[in-house]
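Colleague: I would like to learn how to read a model like this. Please take me through it feature by feature.

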Amino acid sequence: MNKERRQKRTSAESVEQRPPAEGNPDPIPVTGAPYPEAAWSWRERIRQAAKRNKDLRFTSLLHHITPELLAEAYDALKRQAAPGVDGMRWEDYGEGLSDRLFDLHKQVQDGRYRALPSKRVWIPKADGTKRPLGIPALEDKIVQQALVWVLECIYESDFCGFSYGFRPGRSQHDALDAVSVAITQRKVSWILDADIMSFFDTVSHDWMMKFLEHRIADPRVLRLIRKFLRAGVSEDGKLSRAVAGTPQGAVISPLLANIYLHYALDLWVNWWRKERARGEVYIIRYADDFVIGFQYREDAERLRRELQQRLQKFGLILHPEKTRLIEFGRFATQNRRERGKGKPETFNFLGFTHICSKRRNGGFAVRRFTEAKRLKRTLRRIREELRYRIAVPVADVGAWLRRVMQGHLNYYAVPGNQKACRAFRTEVCKAWMFVLRRRSQRRHSINWSRFNSLVRRWLPSVTVRHPYPNQRLCV
């Protein structure tokens, strides 16, 4: 009987049937709290209500989008972001900001607000293809950011712990640490490296609205989200209405993606590993990229088959080339050697190539190196930019290179990846030296002694910027 109740509670299928609507509860006093609940902010009241009752549907949310919240959202936007179809830049909108936000707030509350189509641009990917990026209008960004803050108060208490993408207080390195700790400290012998094909372009609007209605019963908020989903895109002056997907680049898209995958993937995998797996199963998801570790190959093959069927139900497909099942873990090298096979395969996750390795004492370790494709792509962009800045003063180029190097090291300078970071720094130095010598007709216009002084002045040295995974995270 208890098992039946647990299945009913944890199964993702049961979540797809919405419970009857419940009104927002009256504040419940908390005994022994340092402050009375009446003194809580509206955000904290929503969080506590969502945490207390997982079946609660919020019937009144739009009134939390106030002119003050819209002003906070405006301040949170990137100042130098490219304009959308409205051509409005951040600093231009700031002229007469109070009047603009007051009028925007009135349109949202009256239901007169209309979302503009996103401006489509294409950015190159590592595999040579191009990724569509949508740039919303400035007022759409403001409203979306305010709406994200409201919805996060509800869904942060619902999301699973293994979901790391685009969540407050979580980063790529938290997900990377979770992968390393799961492989090294748990019974993981097989890895399913999965990727959903064109996820942001294939999200079903109908399923998205059904998922949102599990928690939101405010028709004005649902109508506002539907406007953003159906706003469409504008490319070269041609408007195309959206029948599926949510544009990458929109402020609200990451949260909507997490909500969609929470119901379509996370809850189901969490139920599957508890009720159907024979051994241990661990999943780490960052947006539409996720890694699943298995103790037994039978579990991995079975979940892969059932996962394809599960995702197809919601209009999603696993990428056939980027989704792989590999033998990986502390016993992978020995087991493959006994079968007469080579070294264990590697897998890429969040810009790092993960490799089975050993510590100095002979123990198992997971080494993480900068993904080769990303490294080559970054160096190519730096060389192109240096050629473009060939006539720019040396000090300005040095300051720009320092920012680039600092950003690269802040992400990739993890324990064990110093060699790749030093190689990156060396290649940047070579590219800079080449451009400096091209500035003058004189042969060898700058010698290595002078160049090394420029390097010491402008380029940061390679040092580890992150702790070991088991120091920052314990699964």
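Predicted model: local features only at pLDDT ≥ 70, side-chain atom pairs only at ≥ 80, totals over all residues.

Colleague: How many helices and strands does the protein have?

Modeller: Helices (H or I, at least four residues) and strands (E, at least two) are DSSP runs, numbered from the N terminus. Here there are 19 helices and 11 strands.

Colleague: What share of the residues is buried?

Modeller: Buried means under 20% relative accessible area, exposed over 50%, and partly exposed in between, with a 1.4 Å probe and protein chains only. Of the 475 residues, 47% are buried. The accessible surface (Shrake-Rupley method, 1.4 Å probe) comes to about 24,700 Å². Carbon and sulfur atoms hold 48% of that surface.

Colleague: What do the contacts say about sequence distance?

Modeller: A contact means heavy atoms within 4.5 Å. Take contacts between residues at least 6 apart in sequence: 72% of them join residues at least 24 apart.

Colleague: How many aromatic pairs are there?

Modeller: Rings of Phe, Tyr and Trp (its six-membered ring) pair if their centres lie within 6.5 Å; planes under 30 degrees apart are stacked, over 60 edge-to-face, and the rest tilted. The structure holds 18 such pairs. One of them, Phe-352 with Tyr-412, is tilted, at 5.1 Å centre to centre and 50 degrees between the planes. This pair links distant parts of the chain: Phe-352 is in strand E10 (residues 352–358) and Tyr-412 in helix H16 (residues 394–412), 60 residues apart. Both Phe-352 and Tyr-412 are buried.

Modeller: Now take Trp-448 and Phe-451, an edge-to-face pair with 5.6 Å between centres and 85 degrees between planes. They sit about one helical turn apart, because they are three residues apart in helix H18 (residues 448–458).

Colleague: Are Trp-448 and Phe-451 buried or partly exposed?

Modeller: Trp-448 has 47% relative accessibility, so it counts as partly exposed. Phe-451 has 1%, so it counts as buried.

Colleague: Which charged end sits over the ring of Tyr-296?

Modeller: A charge sits over a ring if NZ of Lys or CZ of Arg is within 6 Å of the ring centre and within 35 degrees of the ring normal. Over Tyr-296 it is Arg-278, 3.8 Å from the ring centre. Likewise, Arg-170 lies over the face of Tyr-164, at 4.7 Å.

Colleague: Which residues have the most contacts inside the largest nonpolar core?

Modeller: A nonpolar core is a set of buried Ala, Val, Leu, Ile, Met, Phe, Trp, Tyr and Cys residues joined through side-chain atoms within 4.5 Å. The largest has 83 residues, and Leu-212 and Tyr-260 have the most contacts inside it. Helix H12 (residues 253–275) gives the largest share, 14 residues. Beyond four places in sequence, Tyr-260 touches residues including Phe-199, Trp-207 and Phe-314. Those residues and Tyr-260 also belong to one aromatic cluster.

Colleague: Where is Lys-54?

Modeller: Lys-54 is in the loop between helix H3 (42–52) and helix H4 (67–76). Its relative accessible area is 44%, so Lys-54 is partly exposed. Beyond four places in sequence, Lys-54 is in contact with Ser-157, Asp-158 and Arg-215. The Lys-54 side chain reaches the backbone oxygen of Ser-157 at 2.5 Å.

Key: Residues numbered from 1 in each chain as written. Heavy atoms only, no water. Polar contact = N/O pair within 3.5 Å; in protein donor to acceptor, adjacent residues only side chain to side chain.
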